[in-house]
Amino acid sequence: MEFSCSPDVGSLEVRIASSLLETVCERIEENNYEITDEDIAVLYDVFGTDLEKSFELIEKKSFELVTVGNTARTYIVVNGSSGIYTLYPYVNFCQCCAYKMSITKKKPFICKHILGSRLAIAMKKCKSRTSPNFVYHNMSDNNVL
Ligand SMILES: [Zn+2]
């Protein structure tokens, strides 16, 4: 089955959640890259257990920001529990099953990988490296489904 972005992806709910997340990320950066308990509570109201899962991924140092060669192009590699995913900064799209399910149900959401990657960058808990080339990872790299 082919999954693709549709105009429905930008639902109002996702846009509100996304702008809330960006606001919290800005506050984290202003607060010496620390997240306050208040902001954790705000995010928990919206993201629930996905927030806990995204913090687990951050603690496991699962996010890596990769800069391609001498360009300004970046992408994010996530070492998830069931595979390695490639994400793009500020793009609400993920290859994980939870995200794909949300698209098929026409209920797009922000998965723990997208959530975790934004928080990891804001909190400077994202590893970073440069790569001479763009390397696209998807779940089939690991043969785990
Ligand atoms: Zn995901």
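Reply: Among the contacts in the protein with a separation of 6 or more, 64% are between residues 24 or more positions apart; two residues are in contact if their C-beta atoms, placed from the backbone, lie within 7 Å. The model is predicted, so local features need pLDDT of at least 70 and side-chain atom pairs count only at pLDDT 80 or more, while totals for chains, interfaces and linings use all residues. Residues are numbered from 1 along each chain as its sequence is written.

The protein has five helices and four strands, in the order α-α-α-β-β-β-α-α-β from the N terminus. These elements are DSSP runs numbered from the N terminus: helices are H or I with at least four residues, strands are E with at least two.

Helix α1 (residues 12–30) and helix α2 (residues 37–47) have axes that come within 11 Å and cross at roughly 165°. Axes are lines fitted to C-alpha atoms, for helices over the stretch in contact, and angles run from 0 to 180 degrees between N-to-C directions. The two helices are therefore roughly antiparallel (under 35 degrees is roughly parallel, over 145 roughly antiparallel, 65 to 115 roughly perpendicular, the rest oblique). Their crossing is left-handed, meaning that the near helix is turned anticlockwise from the far one by less than a right angle; clockwise would be right-handed. On α1 the contact uses A17, L20, V24 and R27, and on α2 it uses D39, V42, L43 and V46. By class, that contact of α1 with α2 has six nonpolar, no polar and two charged residues. Ala, Val, Leu, Ile, Met, Phe, Trp, Tyr, Cys and Pro count as nonpolar, Asp, Glu, Lys and Arg as charged, and the others, Gly among them, as polar.

The other pair is α3 (residues 49–59) with α5 (residues 112–122), whose axes come within 8 Å and cross at roughly 55°. That makes α3 oblique to α5, and the crossing is right-handed. Here D50, L51, K53, S54, L57 and I58 of α3 meet K112, L115, G116, L119 and A120 of α5. The classes in the contact of α3 with α5 are six nonpolar, two polar and three charged residues.

As for the rest of the fold, the strands form an open sheet of four in the order β3-β2-β1-β4, with mixed pairing; two strands pair if DSSP finds at least two bridges between them. The twist averages 25° from one strand to the next.
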